[in-house]
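Here's a quick briefing to read alongside the model. Have the sequence and the 3D view open as you go.

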Amino acid sequence: MKDYLFNYLRKLSSSGVDLDFASATCRYGKFTIYCLVGPEENLLLVSFAPEKLDQVQKQLKELSLRVHIRKLPQKEFHLDTMFAEYFSGRLSRFQVSLDSPLIAAGTDFQKSVWDHIGAIPYANCITYKQLAGLVGSPRGARAAARACGANPLALIIPCHRVVAVSGLGGFAGGVAVKKALLALEHAG
């Protein structure tokens, strides 16, 4: 992933873009999401796990002394309304570009898994086993689950809609969050 982030920073620098990033911690009822926005207003990360945000911020700062990350108040976050609409049940599909360098850093298998997850309709679930079959690896349920865990854009790529054959399975933000998201969508 560091190579992709380094190339991303180099590309930004060579085009004259300042390396100013913003992190936003957004609360919507019982849900908290952690977001990282790039210098061109692109969404790099959406996570329910604060440690994922910390890890990416640390890597960016290690790669360039010119990286500046400011804390962005939720009310100034340009996607706050979109997430608020989702969490209030008024939005079922996000219209956001997937131009995160963290997507590009994924393996071909992960990218295929993420593409298939993105096609799961609102309020529907599939199993890790079904997902593995869709990406051409019918015995790769565990690998599909790991790819779900590596998803850099939770909610946008709705990995919470992928469950185990015999229950919910895991979730980077915790199983209680996954259960609440599925209840919000009336799925599972």
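Tyr 86 sits in helix H3. Before going further: this is a predicted model, where local features need pLDDT of at least 70 and side-chain atom pairs count only at pLDDT 80 or more, while totals for chains, interfaces and linings use all residues. Residues are numbered from 1 along each chain as its sequence is written, and side-chain values use heavy atoms, with hydrogens and water left out. Helices (H or I, at least four residues) and strands (E, at least two) are DSSP runs, numbered from the N terminus.

- Tyr 86 counts as buried, at 1% relative accessibility; buried means under 20% relative accessible area, exposed over 50%, and partly exposed in between (1.4 Å probe, protein chains only).
- Which residues does Tyr 86 touch, leaving aside neighbours within four places in sequence? Its contacts are Leu 91, Phe 94, Tyr 122, Leu 155, His 160, Leu 181, Leu 184 and Glu 185, with contact meaning heavy atoms within 4.5 Å.
- Tyr 86 and Leu 184 are 98 residues apart in sequence, yet C-alpha to C-alpha they are 9.2 Å apart in space.

**Helix H8**

- H8 spans residues 175-185, and its buried residues are Lys 178, Ala 180, Leu 181, Leu 182, Leu 184 and Glu 185.
- The cover over those buried H8 residues includes S2, helix H3 (80-87), helix H6 (128-134) and strand S6 (162-163).
- Just past the end of H8, His 186 has a positive phi of about 60°.

**The sheet**

- Four strands make an open sheet in the order S3-S2-S1-S4, with mixed pairing; two strands pair if DSSP finds at least two bridges between them.
- Strand S3 (43-47) and strand S4 (68-71) are the edges, each pairing on one side only.
- From one strand to the next, the twist averages 20°.
- S1 and S2 run antiparallel and are joined by seven bridges; Ala 24 has Cys 35 in S2 as its bridge partner.
- S1 and S2 also form a hairpin with two residues between them, and Gly 29 in the turn has a positive phi of about 60°.
- Strand S2 (residues 31-37) pairs with S3 in the antiparallel sense over four bridges, and Val 37 has Leu 43 of S3 as its bridge partner.
- Strand S1 (residues 20-28) pairs with S4 in the parallel sense, over four bridges; here Ser 23 stands opposite Lys 71 in S4.

**Helix H5 against helix H7**

- H5 (residues 108-118) and H7 (residues 141-149) pack at an angle of about 80°, with axes 9 Å apart. The axes are lines fitted to C-alpha atoms, for helices over the stretch in contact, and angles run from 0 to 180 degrees between N-to-C directions.
- That makes H5 roughly perpendicular to H7 (under 35 degrees counts as roughly parallel, over 145 as roughly antiparallel, 65 to 115 as roughly perpendicular and the rest as oblique).
- H5 brings Phe 109, Gln 110, Val 113, Trp 114 and Ile 117 to the contact, and H7 brings Ala 143, Ala 144, Ala 147 and Cys 148.
- By class, the contact of H5 with H7 has eight nonpolar residues, one polar and no charged. Ala, Val, Leu, Ile, Met, Phe, Trp, Tyr, Cys and Pro count as nonpolar, Asp, Glu, Lys and Arg as charged, and the others, Gly among them, as polar.

**Cysteines**

- Cys 148 counts as buried at 6% relative accessibility.

**Loop residues**

- Ala 123 has a positive phi of about 65° although it is not a glycine. Ala 123 lies in the loop between H5 and strand S5 (126-127), and is partly exposed, with a relative accessible area of 28%.
- Leu 155, in the loop between H7 and S6, is another residue other than glycine with a positive phi, near 75°. Leu 155 counts as buried at 3% relative accessibility.
- Ser 64 lies in the loop between helix H2 (50-63) and S4. Ser 64 is buried, with a relative accessible area of 15%, and leaving aside neighbours within four places in sequence, Ser 64 is in contact with Leu 9 and Leu 19.
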